[in-house]
Amino acid sequence: MTEIPTTTRQIVLASRPTGAPTSDNFRLETVDLPELDEGQVLVRNEVMSVDPYMRGRMNDVKSYVPPFQVDAPLDGGAVGEVIASRSDDVAVGQHVLHGAGWREHAVLPARSVRAVDTDAAPASRYLGLLGLTGLTAYVGLTAVAEMREGDTVFVSGAAGAVGQAAGQIAKALGAEKVIGSAGSANKVARVLELGYDEAFDYKETPVRDGLRAAAPDGIDVYFDNVGGDHLEAAIDSLTTFGRVAMCGAISQYNATGAAAGPSNLFQAIGKGLTLRGFIVGQYDHLAEEYRARATGWLADGLLTGDETFRDGIDAAPLAFMDLLDGANTGKMLVRL
């Protein structure tokens, strides 16, 4: 019988960062766990996700998701085992997906967790390819960029979790050519192994030059994870009626001054370009459709992805900082 703990450890936001976060912005605390109320469950977290969007939540600014609060625990995707339940809908022993990461245990309303089958796939996959990571790539390509069979697709941040998924999903959807940018020769080699047709190291080759060499006739779709010079170069390379899915701008997340916008945005007029930002939560209605297709792609070997792990709740801040520095290949996760 599993012993029910009375305390747990969690990471709180100690202070708001200026520029890149440091270890001083985080604090590890031990706190008491409350008794369960009716309709609640106690989850022992096994794996949690750190994601680039969390950097924006460290700032006290209005956005599509509320900012983290100083002296309060951070949160994010996690999967764990239910070890106590006062709900008829969620049983002890089930594994569940929820949003209370950055802690070893979480007391949650049963209605806020979703059961996952860890016999069918490892827990970590429900935070990656079978979770918001994969759905983000799918939504960006299909609903936002309206990718069509035969398109040439460019994905920045191709070695990251969303980037790896986007390239493979684009191929599964019938892209003629998929091009990626990544931050090292090893990452370039890896995305080519994953099915990208062309890839270049943006630290060694200017993005404009890399795109011209890989797609001399231009690109039809740009899946933007980076922003900045990547977006500017993509606008140059986009063909008439090209489409951009603006997913992220990781090159600018730690900026302390105003980020420079593309200097060539005027090209969008003559080319009839479409640039659309999106948040994956705006497309929840596509989640079941994606999971059904992704399950088939995984079974057929058309979809896979790397996972980079750090171990222990005390390693979560470093995992997050490493993520922002590009130390990961694929999904960055913390085993608890």
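**Before starting.** I am working with a predicted model, so I keep that in mind for each entry.

**Entry 1, a pocket.** I looked up the second largest pocket, and its volume comes to about 160 Å³. Which residues line the second largest pocket? I found I4, P5 and T6, then L33, P34, E35 and L36, and also L42, A84 and V107. Sorted by class, that lining has eight nonpolar residues, one polar and one charged.

Next I went to S237, which sits in helix 6, a helix covering residues 228–237. Is S237 buried or exposed? Its relative accessibility is 11%, and buried means under 20%, so S237 counts as buried. I then checked what S237 touches, leaving out residues up to four places away in sequence: the contacts are L211, G218, I219 and K271.

For packed helices I need the angle between the axes and the distance between them. I picked helix 2 (residues 132–144) and helix 8 (residues 287–300). Their angle is about 105 degrees, and their axes are 10 Å apart. Angles of 65 to 115 degrees count as roughly perpendicular, so that is how helix 2 and helix 8 lie to each other. On the helix 2 side, G134, L135 and Y138 make the contact. Helix 8 brings A287, E289, Y290, R293 and W297 to it. By class, I noted five nonpolar, one polar and two charged residues in this contact.

Note on methods
Residues are numbered from 1 along each chain as its sequence is written. This is a predicted model: local features need pLDDT of at least 70, side-chain atom pairs count only at pLDDT 80 or more; totals for chains, interfaces and linings use all residues. Side-chain values use heavy atoms; hydrogens and water are left out. On a 1 Å grid over the protein atoms alone, a cavity is a set of points where a 1.4 Å probe fits but cannot get out, and a pocket is an open set with protein on both sides within 12 Å along at least five of seven lines; lining residues have an atom within 4 Å of a point. Grid points are joined across faces, edges and corners, and a volume is the space filled by probe spheres set on the points. Ala, Val, Leu, Ile, Met, Phe, Trp, Tyr, Cys and Pro count as nonpolar, Asp, Glu, Lys and Arg as charged, and the others, Gly among them, as polar. Helices (H or I, at least four residues) and strands (E, at least two) are DSSP runs, numbered from the N terminus. Buried means under 20% relative accessible area, exposed over 50%, partly exposed in between (1.4 Å probe, protein chains only). Contact means heavy atoms within 4.5 Å. Axes are lines fitted to C-alpha atoms, for helices over the stretch in contact, and angles run from 0 to 180 degrees between N-to-C directions. Angles under 35 degrees count as roughly parallel, over 145 as roughly antiparallel, 65 to 115 as roughly perpendicular and the rest as oblique.
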